[in-house]
Amino acid sequence: MSIGKEPPQLIKHRLSYSGRKFGFDVNLLRLPNGVEGEWECIRHPGGALCIPVTNNGKLILLRQYRFAVESRILEFPAGTLEHDEDPETTVKREIEEETGYRAHSWKNLGQFVLAPGYSDEIIYAFLAKNLEKLPNPPAQDDDEDIELVFMSPQELEKAILGGELIDAKSIASFFLARPFLT
């Protein structure tokens, strides 16, 4: 997917914050249609996600605690791109850290914007197959509270349609992968 750039005109920079994972800007802008206003934007380096598929066709998901929604949600392994890191490197690191598996077969499923009304984050989605359980997986990040969940594609689709708490990037990526899941 190609995202054509059509930047607004910066009239006045109002506020910037740089955090551990992303930044936040507030600016007075003139949009391409001529409208002027103050807009907030989360500046994010992007994320990479994979859909791991076991040799018996089960999907590996994480039931992970997320403080922002004060709940444990289902999601696929994913992580934030480090400075000057390509998405494939990110996702290969994250699958090992978060699941304890290594994939030997990868398919790029594409990319999509996550929340374009207030963020520039792009998610890069991959399908991961031919999995190997690592005898000594790398340590998870300190803030990761993760339980592995194995589901068939049909079980995941039923959970999505049944309203189970699953994050949007995982739902979108699942439907990108659906034609390749047998």
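Modeller: Begin with what a pocket is. A pocket is an open set of grid points with protein on both sides within 12 Å along at least five of seven lines, and its lining residues have an atom within 4 Å of a point. Keep in mind that this is a predicted model.

Colleague: Which residues lie nearest the centre of the largest pocket?

Modeller: They are K21, F22, H44, R66 and T80, out of a lining of 38 residues. The volume of the largest pocket is about 1400 Å³.

Colleague: What about the second largest pocket?

Modeller: The second largest pocket holds about 860 Å³ of space. Its lining has 28 residues, and P8, C41, R43, P116 and D120 lie nearest the centre. Two or more lining residues come from each of β2 (23-30), β3 (36-43) and β9 (122-133). The largest share is that of β3, with four residues. By class, the lining of the second largest pocket splits into 16 nonpolar, six polar and six charged.

Colleague: Back to H44. Where is H44 placed, and is H44 buried or exposed?

Modeller: Use the cut-off here: buried means under 20% relative accessible area. H44 has 15% relative accessibility, so H44 counts as buried. H44 sits in the loop between β3 and β4.

Colleague: Which residues does H44 touch, not counting residues up to four places away in sequence?

Modeller: H44 touches K21, F22, T80, S119, D120 and E121. Of these, K21, F22 and T80 are also among the residues nearest the centre of the largest pocket.

Colleague: How should I read burial along a helix?

Modeller: Start with the general idea. An α-helix has 3.6 residues a turn, so residues three or four places apart point the same way. In α1 the buried residues are P87, T90, V91, E94, I95, E96, E97, E98 and T99. The cover over these buried residues includes β4, β5, β7, β8 (101-113), β9 and β10 (146-151).

Colleague: What is found at the start of α1 and just after α1?

Modeller: At the start, a side-chain oxygen of D86 comes to within 3.2 Å of the backbone nitrogen of E88. Just after α1, G100 has a positive phi of about 80°.

Colleague: How do I read a positive phi elsewhere?

Modeller: Most residues other than glycine have a negative phi. Two cases here go the other way. E70 has a phi near 55°, and D84 has a phi near 60°. E70 lies in the loop between β5 and β6. D84 lies in the loop between β7 and α1.

Colleague: Are E70 and D84 buried or exposed?

Modeller: Exposed means over 50%. E70 is exposed because its relative accessible area is 66%. D84 is exposed because its relative accessible area is 73%.

Colleague: How far apart are G117 and E40 in sequence and in space?

Modeller: They are 77 residues apart in sequence and 9.3 Å apart in space, C-alpha to C-alpha. G117 is in the loop between β8 and β9, and is exposed at 66% relative accessible area.

Colleague: And the chain as a whole?

Modeller: The protein chain has three helices and 10 strands. Their order is β-β-β-β-β-β-β-α-β-β-β-α-α. The C-alpha trace spans about 55 × 35 × 30 Å along its principal axes. Of the 182 residues, 41% count as buried. Among contacts between residues at least 6 apart in sequence, 59% join residues at least 24 apart.

Definitions and conventions:
Residues are numbered from 1 along each chain as its sequence is written. This is a predicted model: local features need pLDDT of at least 70, side-chain atom pairs count only at pLDDT 80 or more; totals for chains, interfaces and linings use all residues. Side-chain values use heavy atoms; hydrogens and water are left out. On a 1 Å grid over the protein atoms alone, a cavity is a set of points where a 1.4 Å probe fits but cannot get out, and a pocket is an open set with protein on both sides within 12 Å along at least five of seven lines; lining residues have an atom within 4 Å of a point. Grid points are joined across faces, edges and corners, and a volume is the space filled by probe spheres set on the points. Ala, Val, Leu, Ile, Met, Phe, Trp, Tyr, Cys and Pro count as nonpolar, Asp, Glu, Lys and Arg as charged, and the others, Gly among them, as polar. Buried means under 20% relative accessible area, exposed over 50%, partly exposed in between (1.4 Å probe, protein chains only). Contact means heavy atoms within 4.5 Å. A polar contact is a pair of N or O atoms within 3.5 Å; within protein, one must be able to donate a hydrogen and the other to accept it, and residues adjacent in sequence count only if both atoms are side-chain atoms.
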